[in-house]
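Walk through this structure with me, one region at a time. Keep the sequence and the 3D view open as you read.

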Amino acid sequence: MVGVKRPRKPYRSPRRAEQLDATRRRILAVARKLFGERGYTATTMEAIAAESDLAVPTVYKNFGNKRKLLLDLVDVSINVRVPRGYETLLSRPTPHERLQAVAELCVELASAAADVVSIVVSAAGVDPRFAKMANRMAEGRRSNAALIARSLAKDKALRPGCSVEQARDVIYALAGPEMYEMLVTRSGWSNEQFATWLADILVASVLA
């Protein structure tokens, strides 16, 4: 009986894979810089290639097009952080600790990706897909704020007259990249100052 010859698995050199990953990281870093400086619309794949000291086909080979490049930038700078952060936050045992964790997570996300959020918002004006993404990001933040508000209500920790909906809206409004940009990026607060202020104002606003 003649055996079936299995196809050979393609060999993937670890060094080659590392070089490819380094190239992708380099392109993403340059794209992030140029999107921030020039805006999404004015930044071309050719400009990204030139700034990266790479051939234009190399940039296209790695990302396909400018839209895909920005989508990947959102993945690596925002999407990988959010679920893990909220799982940790909701596991905190007391309401005060949960709101402190909200402040810490806000700083973690905003300090790592506030510029990427701004890039997506600017891209939303020219690309309907990013308009939908910007809306989804905002609604995701609002939904996460609702989860926190419900956890506080479950512990009977909300101050008198503060409904779950009001607590959600306060958390959503204060613990976002817009407030971080105003106070840290534009006004020069440190991350520690902002986190302390945000935790204090959240506690004062929603807890009994």
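Thr43 sits in the loop that links α1 (14–38) to α2 (45–52). Helices here are DSSP runs of H or I with at least four residues, strands are E runs of at least two, and both are numbered from the N terminus. The model is predicted: local features need pLDDT of at least 70, side-chain atom pairs count only at pLDDT 80 or more, and totals for chains, interfaces and linings use all residues. Residues are numbered from 1 along each chain as its sequence is written, and side-chain values use heavy atoms, with hydrogens and water left out.

Is Thr43 buried or exposed? Thr43 counts as buried because its relative accessibility is 0%. Buried means under 20% relative accessible area, exposed means over 50%, and partly exposed lies in between (1.4 Å probe, protein chains only). The side chain of Thr43 comes to 3.2 Å from the backbone oxygen of Leu34. Leaving out residues up to four places away in sequence, Thr43 touches Leu34, Phe35, Arg38, Ile48 and Lys66. A contact means heavy atoms within 4.5 Å.

Next, the chain as a whole. The protein chain has 10 helices and zero strands. Of its 208 residues, 38% are buried. Take the contacts between residues at least 6 apart in sequence: 67% of them join residues at least 24 apart. The accessible surface is about 12,300 Å², and carbon and sulfur atoms hold 55% of that surface. Areas come from the Shrake-Rupley method with a 1.4 Å probe; for residues, only the protein chains shown count as cover.

Now the confidence. The chain averages a pLDDT of 87, and 88% of the residues score at least 70. pLDDT is the predictor's confidence in each residue, from 0 to 100. Confidence is lowest in helix α5 (residues 82–90), with a mean of 72, and highest in helix α10 (residues 191–206), at 97.

On to the interior. A nonpolar core is a set of buried Ala, Val, Leu, Ile, Met, Phe, Trp, Tyr and Cys residues joined through side-chain atoms within 4.5 Å. The largest has 33 residues, and Leu99 and Phe194 have the most contacts inside it. Two or more residues come from each of α5, α6 (95–124), α7 (128–154), α8 (164–174), α9 (177–185) and α10. Helix α6 gives the largest share, nine residues. Phe194 touches Cys106, Val107, Met179, Tyr180, Leu183, Val184 and Trp189, again leaving out residues up to four places away in sequence. A second, separate core has 27 residues, including Ile27, Ile48, Leu54 and Ile78.

Helix α3 (residues 56–63) has a buried side. Its buried residues are Val59, Asn62 and Phe63. They lie on the same side of α3 because they cover an arc of only 75° around the axis. That arc is taken from the directions from the helix axis to the C-beta atoms. The face turned away from the buried side carries the exposed residues Pro57 and Lys61. Just after α3, Gly64 has a positive phi of about 85°.

One last stop is Ser151, in helix α7. Ser151 is buried, at 16% relative accessible area. Beyond its neighbours within four places in sequence, Ser151 contacts Leu90 and Arg98.

Methods: Polar contact = N/O pair within 3.5 Å; in protein donor to acceptor, adjacent residues only side chain to side chain.
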